[in-house]
Amino acid sequence: QILNEFCTGYILVGEERTCIPKYYLRFADEIKNFEVKDDDIWVTSYMKTGTTWTQEMVWLIANNLDFKGAEENLNNRFPFLEFSTICDLSRQYEIMKVPQSERTLNTIEKAAKVKSPRFIKTHLPYSLLPDQIKNGIKTPKIVYVWRNPKDTCVSFYHHGILLEKWKIDLETFAKLFMADKVLYGSYWKHIFGYWNLRDSPNVLIIRYEDMKANLPSVIKKVAKFLGKELTEEQIELLTKHLNFQSMRENKAVNKEGYVNQLKENNLSIKDGRFMRSGTVGKYKEELSAETIKKLDEWIKQNVSGTDFEKEYD
Ligand code: A3P
């Protein structure tokens, strides 16, 4: 198991036996019973699939391209629901010397309190979402983003090195990833949990690779889903704002404040950025041919015979 500096070990929870730090148990009921609102907008995803990118796109479209408002840190505009369940924030704040007034020990409460319409980010699999969503009592808009598992796996590994100073190598991590023994568990259960809802009017599924290939067309799709109309000029402006280089330089989304604090406390490697490479297919340069073969077999096993198969190509 890979242990994070700020948590004490993983457990398996829920019907899908999702691998998650044991801090989750302190808040499991709060998440289960979280009061959802119909006008909420949720961005859900497996880790490292383009969540931050999607959040910024969704927030700006829903807020009529309020670029001024988007100067506020994304974490405040778009709280990360279960953050306090995946790491011991009190310890983290202590080490980072975060002022008392800024110490939110319960991110579920933080998400609950933001002004409506609320924007909520979560990496939880569908099976662990609040009951009100699962039983259809509330139908917030949900945008789910996914990314090919090979780039996801490599990006996940670099995330661990950067934010948690993991000491393992990429090939070992890839094995754990394929065995579902990583934070948030099974990549496939995660995707299928949301993919099964693709025909629900309140769910939109988008893909990182499509955003890379043709961002304006994904922007149009998301705008339609959110009931917004954008002019060609607005789409162009937003496309520029969401460009990798521009997001990399944007303090409100690039997480550099956080990463630099980790670096100052020797809790991160010297080099490395959250906005790392932002490309498709870079895994080929990092993974061994043998691991790529194993990943390909694992992908085949998981998609063959499902209607996700053609989506995957
Ligand atoms: P890489 O590590 O492959 O570079 P998440 O937000 O879910 O943690 O995903 C992070 C990944 O999305 C990182 O991938 C990051 O570089 C990439 N990313 C973030 N913003 C992006 C953008 N504007 N364009 C392309 N990729 C982006």
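Helix axes are here taken as lines fitted to C-alpha atoms over the stretch in contact, with angles running from 0 to 180 degrees between N-to-C directions. On that basis, in this predicted model, helix H2 and helix H12 (residues 215–225) pack at an angle of about 55 degrees, and their axes lie 10 Å apart.

**Annotated domain**
- An unreviewed UniProt entry places the feature "domain: Sulfotransferase" at residues 38–306.

**Shell around the ligand**
- The ligand is surrounded by 18 residues, of which the closest are Thr51, Thr52, Ser155, Arg276 and Gly278.
- Sorted by class, the shell consists of nine polar, six nonpolar and three charged residues.

**Packing of H2 with H12**
- Angles from 65 to 115 degrees would count as roughly perpendicular and those under 35 degrees as roughly parallel, and H2 and H12 are therefore oblique to each other.
- The crossing in which H2 passes H12 is right-handed.
- On the H2 side the contact is made by Met57, Val58 and Ile61, while H12 brings Ile219, Val222 and Ala223 to it.
- The residues of this contact between H2 and H12 comprise six nonpolar, no polar and no charged ones.

Key: Residues are numbered from 1 along each chain as its sequence is written. This is a predicted model: local features need pLDDT of at least 70, side-chain atom pairs count only at pLDDT 80 or more; totals for chains, interfaces and linings use all residues. A residue is near a molecule or strand if its C-beta atom, placed from the backbone, lies within 6 Å of it. Ala, Val, Leu, Ile, Met, Phe, Trp, Tyr, Cys and Pro count as nonpolar, Asp, Glu, Lys and Arg as charged, and the others, Gly among them, as polar. Helices (H or I, at least four residues) and strands (E, at least two) are DSSP runs, numbered from the N terminus. Angles under 35 degrees count as roughly parallel, over 145 as roughly antiparallel, 65 to 115 as roughly perpendicular and the rest as oblique. A crossing is left-handed if the near helix is turned anticlockwise from the far one by less than a right angle, and right-handed if clockwise. Two residues are in contact if their C-beta atoms, placed from the backbone, lie within 7 Å. UniProt positions are given in the numbering used here, feature names are shortened, and annotations may be inferred rather than shown by experiment.
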